[in-house]
Amino acid sequence: METIRIRICLGTACHVLGASQFQHLADHLPASLRDRVQIEWTRCLGLCREYSGQDQPPYVMVNDQVVTRASIPSVLACIRTQAGD
Amino acid sequence: MLASLTATMALEYMSGDCMIARAAEIIMDALPICRTRRISYSTFSIVDAAADGTVRLIEYANPPVLLIRDGAAVEIGRIPVGKPRWGGRVLHYAEIKARAGDRLVLVSDGITQAGLGRADTPLGWGYDQMARTLTRQLEAAPDLSARDLSQFLLSRAIRMDGDKTGDDMTCACIYFRRPRPLLLLTGPPFYTERDAEVARYLERFDGRKAVCGGTTSDIIARELKLPVSMDMGNFDPEIPNTSIMPGIDLVSEGCVTLAKVAEILESGVVPSNRNGATRLVDLIQQSDQIEFVVGTAVNPAHQDPCLPMELDIRRNVLKRILRLLETKYLKETKVTFI
């Protein structure tokens with residue numbers, strides 16, 4: 001079972017658009033995935049320079065997959081996809 | 001009101017380079033006299049300290065200014081000054097040559113009379129006891145800042161009064177020491193070719209160091225080959241978490257943190273929670289010469305109209321901070337845009 005790496009951007013744009021909600025992400029993980037998920041906070045993923053228009057912050061990376069306008073439900077959905085649930 | 005009038009007059013005369021004795025005489029002439037107690041409102045102590053260590057002080061009816069040198073209270077030689085028209089009221093003038101490490105403590109009688117009426121201190125704890133309390137505190141903490149020493153004395157005096165002050169209490173401390181420099185680096189340089197130059201400047205700076213900005217701290221970590229990690233100890237939903245980098249006193253996020261710093265400096269009230277903004281305010285308050293090196297590269301994502309209005313551009317926030325530091329906090333500042 002491979003570890004799923006979550007990287008949460010805490011850069012300025014992500015922070016003002018709600019990245020702090022992810023402090024509770026671990027509490028929302030299904031029990032079956034809890035041991036497989038590794039959560040990391042980063043100063044800035046630098047994605048706001050690459051994305052524009054509808055693809056707004058906050059950004060979260062689930063392995064190599066970028067979740068734009070990330071919310072706890074959208075990040076959980078991406079984690080489940082990566083886990084092959 | 002008369003205390004404010006006296007203080008305003010003294011400050012204006014001093015900033016206008018008026019001689020201290022002349023300023024005090026004008027104030028004495030202007031102050032009204034209490035009919036019953038035959039003393040004038042209000043009492044005052046004026047200290048005029050020059051950069052070469054020459055300190056002139058003039059006092060009227062306050063507890064004497066306390067000089068603490070090498071851990072002990074030192075007597076200051078005072079010359080009484082009176083005028084026939086003052087009706088027996090006397091000023092005391094003194095001149096001293098301050099040495100590094102000296103502290104001058106100015107207090108109102110509300111402090112020396114703290115504890116008045118208590119069984120163990122019927123006349124208040126008194127000047128000598130207050131001086132002993134201060135020297136003992138400095139023995140325990142020899143580098144205590146002037147601000148912390150004032151706060152210590154004030155809280156002690158309030159405690160002596162049973163946590164409710166019987167009289168107004170004023171305390172000011174002056175600590176003669178070398179200025180403390182702080183370098184605040186924020187924003188990536190406009191030309192990336194200058195990243196290395198900024199990083200070297202930070203590395204060689206002799207003083208405290210703060211780096212504000214995620215990209216900025218990544219540039220410094222890359223150029224100086226330093227490890228940098230986020231400190232997720234205390235999560236504050238308002239201010240992004242700080243990071244840890246060896247040799248740097250504070251590594252924080254940029255715009256949100258700096259906007260909060262400007263807000264705290266404007267209000268003058270530092271919230272008790274520890275986050276990037278309150279820690280930066282602490283660093284600023286503990287420093288005298290603050291040098292800003294400001295990278296002017298703009299992150300286009302920050303200009304997105306969907307972002308909150310509070311996310312002001314870095315240069316505007318810094319302009320507010322600089323104005324406050326110079327006018328309200330009397331700090332020396334220097335800014336370089338890069």
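Which residue takes a positive phi in the hairpin of β3(B) and β4(B)? The residue is Asp70(B), whose phi lies near 50° in a hairpin with 2 residues between the strands. The views below come from a predicted model, in which local features need pLDDT of at least 70, side-chain atom pairs count only at pLDDT 80 or more, and totals for chains, interfaces and linings use all residues. Residues are numbered from 1 along each chain as its sequence is written, while chains are lettered from A and ligands numbered from 1 in the order in which they are written.

Figure 1. Chain B has 10 helices and 15 strands; helices (H or I, at least four residues) and strands (E, at least two) are DSSP runs, numbered from the N terminus. The C-alpha atoms of this chain fill a box of roughly 70 × 45 × 40 Å along the principal axes. Of its 338 residues, 31% count as buried. Here a residue is buried if 20 or more other C-beta atoms lie within 10 Å of its own, exposed if 12 or fewer, and partly exposed in between, with C-beta atoms placed from the backbone. Among contacts in chain B between residues at least 6 apart in sequence, 65% join residues at least 24 apart; two residues are in contact if their C-beta atoms, placed from the backbone, lie within 7 Å. The mean pLDDT of chain B is 90, and 98% of its residues reach 70 or more, pLDDT being the predictor's confidence in each residue, from 0 to 100. The model scores ipTM 0.85 and pTM 0.76.

**Figure 2. The interface between chains A and B.** In this view, 14 residues of chain A are in contact with 23 residues of chain B. Helix α1 (residues 12-16) of chain A supplies the largest share of the chain A side, 4 residues. By class, that side has 6 nonpolar, 6 polar and 2 charged residues. Ala, Val, Leu, Ile, Met, Phe, Trp, Tyr, Cys and Pro count as nonpolar, Asp, Glu, Lys and Arg as charged, and the others, Gly among them, as polar.

**Figure 3. The open sheet β4-β3-β7-β8 of chain B.** The 4 strands pair in the antiparallel sense; two strands pair if DSSP finds at least two bridges between them. β4 (72-74) and β8 (171-175) of chain B stand at the edges with a single partner strand each, so one side of each is left without a neighbour in the sheet. The twist averages 30° from one strand to the next. Strand β7 (residues 103-107) of chain B and β8(B) are joined over 5 bridges, and Leu104(B) stands opposite Ile174(B). β3(B) and β7(B) pair over 3 bridges, with Leu66(B) opposite Val105(B).

**Figure 4. Helices across the sheet.** Helix α4 (residues 126-140) of chain B lies across β3 (66-69), β4 and β7 of that chain, at about 30° to β3(B). Helix α5 (residues 146-160) of chain B lies across β7 and β8 of chain B, at about 150° to β8(B). Axes are lines fitted to C-alpha atoms, for helices over the stretch in contact, and angles run from 0 to 180 degrees between N-to-C directions.

Figure 5. β3(B) and β4(B) pair in the antiparallel sense over 3 bridges, and the bridge partner of Arg69(B) is Ala72(B). Asp70(B), in the loop between these strands, has a positive phi although it is not a glycine. With 9 C-beta neighbours inside 10 Å, Asp70(B) counts as exposed. Most residues other than glycine have a negative phi, and most peptide bonds are trans.

**Figure 6. The buried side of helix α9 (residues 276-285) of chain B.** Gly276(B), Ala277(B), Leu280(B) and Ile284(B) are buried. They cover an arc of only 95° around the axis, which puts them on the same side of α9(B); the arc is that of the directions from the helix axis to the C-beta atoms. What covers these residues includes β9 (181-186), β10 (208-212) and α8 (255-267) of chain B.

Figure 7. Glu223(B), in helix α7 (residues 214-224) of chain B, is partly exposed, with 16 other C-beta atoms within 10 Å. Leaving aside its neighbours within four places in sequence, Glu223(B) is in contact with Asp195(B), Ala196(B) and Ala199(B). Lys225(B), in the loop between α7 and β11 (229-230) of chain B, has a positive phi of about 55°.
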